[in-house]
Every structure is written in structure tokens, then in C-alpha cells.
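Q: Hi! Could you walk me through this one?

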Amino acid sequence: MSVPVSRRSVLRGAVLLGTAGAFAPTPFGGSAASAATVGRSPVDPTLTTGGTSAGGRVTLGRVDQPVIANCATWGARPPSSPVSVVGSRPNKIIVHHTAFPNSTDYSLAHAYANSREIQDLHMDGNGWLDSGQHFTNSRGGHLTEGRHGSLYALLHGQTMVQGAHCVGQNSQAIGIENDGIYVDVQPPQALWDSLVVFCAFTCQQYGIPASQIYGHKDFASTQCPGLLHDRLPELRSAVAARLG
């Protein structure tokens with residue numbers, strides 16, 4: 001993300017399962033018949049924020065799955081059209097900051113409200129079909145799915161949904177938005193710790209090396225993700241340690 005002129009004028013990033021009820025019988029926002037995408041799998045209707053069944057969590061490899069609130073949980077709108085599924089695994093993670101003001105409300109409720117605000121901006125302001133990023137990380141360390149279908153894809157580890165968070169990388173990189181603006185201040189420890197766990201789990205699920213974690217500014221002329229970019233070597237090392 002670049003530094004915004006105002007809270008609702010700049011966000012260019014991305015977040016993923018939890019369809020909006022009757023709108024979408026598939027996990028990707030649209031009927032199976034109408035969604036012209038690649039690599040789609042049927043949804044498990046019991047899948048929630050944590051894993052293979054209602055209230056469950058998966059433990060695969062060395063890194064436990066973090067709690068990630070799906071789109072239904074935080075009250076997402078349905079996508080305006082079906083999201084596209086890429087029938088291959090992503091090869092990298094791209095770290096963003098939202099460039100929103102640094103809120104001192106670290107609650108789960110605020111994380112959900114922030115996810116709704118991002119989606120509204122991306123759909124109503126940018127004209128996108130859904131949130132652009134795959135996932136969002138709040139200043140309180142709460143993780144939420146961004147674009148519909150992202151969490152489903154992550155848990156299964158074989159496909160990804162196409163995002164809208166970094167030109168030229170949207171069909172090969174998972175985008176994680178970190179709420180706040182970090183041009184001249186560091187993020188809260190809770191956000192940092194959550195980012196480490198999220199990246200480690202995502203690397204594990206998709207077989208992404210920890211060395212393939214980048215910042216938005218590696219691919220575009222932007223200040224995003226601010227000082228988080230300076231800490232990418234630290235992030236890669238922390239993720240590699242968790243992966244073992």
C-alpha cells in the first residue's frame with residue numbers, strides 16, 4: 001500500500017472462504033455452473049475459521065493452523081462476480097500495510113469492521129469484484145480471510161484464488177494486508193507475531209520457501225509495507241525457524 005490521502009482513498013491490497021449464504025453455494029462466490037474458473041473443488045459446508053469441521057483446526061506438518069475468521073464470520077458482502085481460481089500453488093507471499101490510521105482498538109470486533117471497510121473500498125471505490133488481498137492481519141493480531149475462497153484454498157494447499165493486491169503477482173502470490181501505516185513507526189507486537197505465524201502456516205501449506213516472502217515495494221513503486229519491509233530478513237528467519 002502507498003501512503004493514503006485519506007482512510008478511504010488509497011487501500012490497494014488483499015484477504016479469503018466463508019461465502020455469503022444463499023448467494024454462493026460454492027466457496028468462491030457463485031454457483032458451480034456459473035463460475036468459469038480453474039481448479040475448483042466442492043466446498044465442505046462444515047468448514048469454519050479453523051479447519052476440517054465445525055470448530056475444528058488442522059495440524060499439518062510443524063506449524064499449527066492459526067485462527068482465521070472466514071468471510072461469513074466477519075460479515076463480508078458476496079462478490080459481485082465469481083472469483084477466479086488458479087489451478088496451481090502460489091510461489092511467494094507479499095506483505096502489505098493498509099495505510100489506514102494506526103488504530104488503538106485491538107479488538108476482534110474492530111478487526112471485523114476493518115475487513116468490511118476494506119471490502120467496501122475495494123468494491124465500491126476501486127470497482128473490484130471483492131477484497132483484493134487474500135488475508136488481513138489486524139493491529140490486535142486477528143487474522144481474517146479477504147477475498148472469498150482464499151481460506152478454502154489455503155487449507156487444501158493445492159490452488160489459490162486470483163487476487164488484486166500487486167500488479168503482475170496476483171495469480172502467483174498470496175497477499176497479506178497488515179492494518180495500519182508503518183512508514184515511520186513499528187507495528188504492534190501482536191500484529192508481528194500473527195504475521196510470523198500466518199506466513200509460516202502459508203509456507204507450510206503451499207511448500208513456499210521462507211526466502212520467498214517479499215514486500216509490495218519489491219514489485220511496485222510504493223512505500224508499502226513501510227518499515228515492515230526493512231524487517232523482511234527477520235520475518236524470513238522467524239518463519240524458517242518455525243518450519244524447522
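Q: Let's start with Glu234: which residue does it meet in a salt bridge?
A: The partner is Arg231, with 3.0 Å from N to O between the two side chains. A salt bridge here is a side-chain nitrogen of Lys or Arg within 4 Å of a carboxyl oxygen of Asp or Glu. This is a predicted model, so local features need pLDDT of at least 70 and side-chain atom pairs count only at pLDDT 80 or more, while totals for chains, interfaces and linings use all residues. Residues are numbered from 1 along each chain as its sequence is written, and side-chain values use heavy atoms, with hydrogens and water left out.

Q: Is Arg231 buried or exposed?
A: Arg231 counts as buried, at 17% relative accessibility. Glu234 is partly exposed at 41%. The cut-offs are under 20% relative accessible area for buried, over 50% for exposed, and partly exposed in between (1.4 Å probe, protein chains only).

Q: Nice, what are the distances for Asp120 and Asp124 to Arg77?
A: Asp120 meets Arg77 at 2.9 Å, N to O. For Asp124 and Arg77, the closest N and O atoms are 3.0 Å apart.

Q: And where do Asp124 and Arg77 lie?
A: Asp124 lies in helix H2 and Arg77 in the loop between H1 and S5, so this pair ties together parts that are 47 residues apart in sequence. Helices (H or I, at least four residues) and strands (E, at least two) are DSSP runs, numbered from the N terminus.

Q: How accessible are Asp120, Arg77 and Asp124?
A: Asp120 is partly exposed at 27%, and Arg77 is partly exposed too, at 30%. Asp124 is exposed, with a relative accessible area of 54%.

Q: While we're on H2, how far does it reach?
A: H2 has 18 residues and spans 25 Å from its first C-alpha to its last, close to the expected 26 Å. The expected span is 1.5 Å times one less than the number of residues.

Q: Which residues of H2 are buried?
A: Among them are His110, Tyr112, Ile118, Leu121 and Met123.

Q: What follows H2?
A: Gly127 does, and its phi is positive, near 75 degrees.

Q: Switching to the inside: which residues touch the most other members of the largest nonpolar core?
A: Those are Phe198, Ile213, Leu235 and Val239, in a core of 33 residues. A nonpolar core is a set of buried Ala, Val, Leu, Ile, Met, Phe, Trp, Tyr and Cys residues joined through side-chain atoms within 4.5 Å.

Q: Which element gives the most to this core?
A: H4 does, with 10 residues.

Q: What does Ile213 touch?
A: Leaving out residues up to four places away in sequence, Ile213 touches Ile93, Val95, Cys199, Cys203, Leu232, Leu235, Arg236 and Val239. Contact means heavy atoms within 4.5 Å.

Q: What about a second core?
A: A separate core of 5 residues includes Ala69, Trp74, Ala76 and Tyr112.

Q: Why is S10 described as largely enclosed?
A: Because 6 of the 6 residues of S10 are buried. Ala173, Gly175 and Glu177 point one way from the strand, and Ile174, Ile176 and Asn178 the other way.

Q: Which strands are bridged to S10?
A: S6 runs parallel to S10 and is joined to S10 by 6 bridges. Strand S7 (residues 133–137) is also parallel to S10, with 3 bridges. Strands pair here if DSSP finds at least two bridges between them.

Q: Where does Val183 lie?
A: Val183 is in the loop between S10 and H4. The C-alpha atoms of Val183 and Leu227 are separated by 5.7 Å, although the two residues are 44 residues apart along the chain.

Q: Last one: how many helices and strands does the protein chain have?
A: The chain has 6 helices and 11 strands, and 55% of its 244 residues count as buried.
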